[in-house]
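Trainee: I would like to go through this structure with you. Please show it first.

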Amino acid sequence: MKNILVRLAKRIFAGIIMVLVMASFTFFLVRMMPGNPVSAKYNELIMRGMTPVQAMDEVRVMYGFIPHQPLWQQYLHYLVQILHLNLGTSISYEGVPVLHIILDAAPWTIILVTTGLIASFIVGVLAGVIAAVKRSSPTGNAITLSGSIMHGIPQFVMGLFLAYVFTTLWAILPFGAPYNAALTPGFNGPFISSLVRHAILPVATYALSSYGGWLLTMKSSVITVLGDDFILASEVRGIKAKTRVRYIAHNAILPLFTIFALSIGFMFGGSLFIEDIFDYPGLGNLLLHAIDARDYPLMSGAFLLITVAVIVANIFADFLYSVVDPRIRR
Amino acid sequence: MSAEWPLKANTKAVGITIRDLEVVYSTGQGQVPAVNGVDLDIAGGQITGIIGESGSGKSTLAMAIMNAVPHPGRIVKGSVVVDGVGNMLTLDKESQRRARGRNLGFVFQAAQNSLNPLTRVGHQVLDLGRSHNVKDLRGLLRRAKELLHRMGMDADRVLTAYQHELSGGMRQRVGIMFALVLDAQVVILDEPTTALDMLSQASVLEIVRSIHEERDITTILITHDMGVVADLADRVVVMYGGELAEEGETAEVLAHPAHPYTKGLIQAIPRISGDLSQAVALSGSPPDLKTFMQSGCLFYDRCPERVAECQVKRPPYESAGPERKVACFRVMPHD
Ligand SMILES: Nc1ncnc2c1ncn2[C@@H]1O[C@H](COP(=O)(O)OP(=O)(O)OP(=O)(O)O)[C@@H](O)[C@H]1O
Ligand SMILES: [Mg+2]
């Protein structure tokens, strides 16, 4: 256990370094942009008739540093701000702190993607085990085929297709917007049911388009494990089928943990196509908007969030590994 | 036979009767007949050594006895009747499973990797016990410890260890423990000592022998090593190219090998044939797909005693004296 903690501490330390590196990278990237957005904004404010002091104050609030200071001072300033979770204020939503905007959008994406991810993971992994065990039967082939097809359909095609079938052809589900705007948001029955009904299609789109990936990965992992000596050995020892399936599944699922954790990390990049099609106010739409509006503070905030999320997810996956795989626990 | 029976009447030793057994592997190059028309009686209560070059089909034969030939292998025909169990090849799946492990203990050639890497050895002993409805699981663990201890290991440490924490030789001995812990009446050991140094090898073989004697079980010992057979086996079976070449009592076969292949095997081992300078390696290479297609004797290309007949006909596997069978045209039944 002590080893695990030491290992975890090392990973967290490395993670912090990586976040800092990434933050610095974003900083310099924004500074190096053609037409340096920081001084552009500053000039724009001057033109609008602000005094240089006012303009500088404004820009400092926006970006977290003072444009005319030497670069290294700006940089230090910026890092200190980040450590205080101050990501600056948005340009397009004038005056609103970036952190607020991101925190507003995050729950939509988190609910959407987590539900879809977990559903597709569970179904895909189970189907993958069956597809592997019955790989020479029609059932197995049919399951594999379903995975390949789902995997091959682009997310936006899947989304549009589902939207067409269930909101136009059958019109049994609502389309667009995360909930019925006529209802008062809150913890009441009608609102929650509206929320759920609006979430069904986007979640289903996400789940269906990631199902194939889980299925195919799990299938090949199971097939690899099936060829391992210890599986044959357990057969020859007359181990019960149930126990053997447990052995197989346990060994085969390990490689999928990393992918799962990474998917959770990348979820903070949002699901662009899905959020766009179903008009979901999540992180994907937010990032799209930030890029559209050249809202650099918002953009770097969103990138920073993705970075942190991926790194945290990685550390989590690593930790999980060292708990479930004794060979790593050293 | 009948004269001997009263002496053995009180034994519960289990014999195995193999008839016309055929196993093929489907490969890209064609169908490899790894076991081809084998008829063999494994005598209950004895140690039978199976010997032959690499690729002669020893492991495949052993796996076929368990009816567990791995893909792409396939048992084409034949029967394997285990006394008190039935024909392993036609038994229903559940009875087969129960016979494996409970009646037939098996030590893998790849015993180093015969454990689930993710669970402790002790836990896997319990899995084995539960799979075979052992009521007294504590007693089972005690048996396991005792066996490990006898094989010179720190039993407590081994039972709480994961596979990767054990050395190759330790894993192999753990594999042997798994085959013995349920008191199977038949134990099949496929090269149980390949990963061991000479000393551990001797001690493991000694344990195999003493457990064999204590429990009056039937032991099948597969090996490349004629020396091991000479030390341990009551009977020896010589395999060549998926077929049986010769079998008989060990002392008889070693003293008077009848098949030219057996002679070659014995001459290749200085420990038995005398001094090192007299050791003669067997020339030529084991049969390949082309050889299998030929109608003549599989050993024809390498045989120092071949005659014209050998090229056109496969010699039948026939009795050549009491308890003795040989597949060679050049052998005159002696006595
Ligand atoms: N999985 C497989 N696929 C194809 N051919 C195989 C497979 N396993 C074994 N064979 C073939 O079957 C034949 C017998 O192999 P087997 O493993 O039974 O030999 P063996 O006598 O146990 O050899 P060794 O002493 O090296 O263990 C060989 O010709 C081998 O090439
Ligand atoms: Mg072998």
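Trainee: What does the accessible surface of chain B come to, and which percentage of it belongs to carbon and sulfur atoms?

Mentor: This is a predicted model, where local features need pLDDT of at least 70, side-chain atom pairs count only at pLDDT 80 or more, and totals for chains, interfaces and linings use all residues. Residues are numbered from 1 along each chain as its sequence is written, chains are lettered from A and ligands numbered from 1 in the order written, and side-chain values use heavy atoms, without hydrogens and water. Accessible areas come from the Shrake-Rupley method with a 1.4 Å probe; for residues, only the protein chains shown count as cover. For chain B the surface is about 14,900 Å², and the carbon and sulfur share is 52%.

Trainee: Is Glu191(B) buried or exposed?

Mentor: Glu191(B) has a positive phi of about 45°, although it is not a glycine. Buried means under 20% relative accessible area, exposed over 50%, and partly exposed in between (1.4 Å probe, protein chains only). The relative accessible area of Glu191(B) is 6%, so this residue is buried.

Trainee: How does Asp279(A) count by its relative accessibility?

Mentor: Asp279(A) is not a glycine either, yet its phi is positive, about 55°. Its relative accessibility is 48%, so Asp279(A) counts as partly exposed.

Trainee: In which loop is the place of Pro72(B)?

Mentor: A cis peptide bond joins His71(B) and Pro72(B), with omega about 5°. Helices (H or I, at least four residues) and strands (E, at least two) are DSSP runs, numbered from the N terminus. Pro72(B) lies in the chain B loop between helix 2 (58–65) and strand 4 (73–82).
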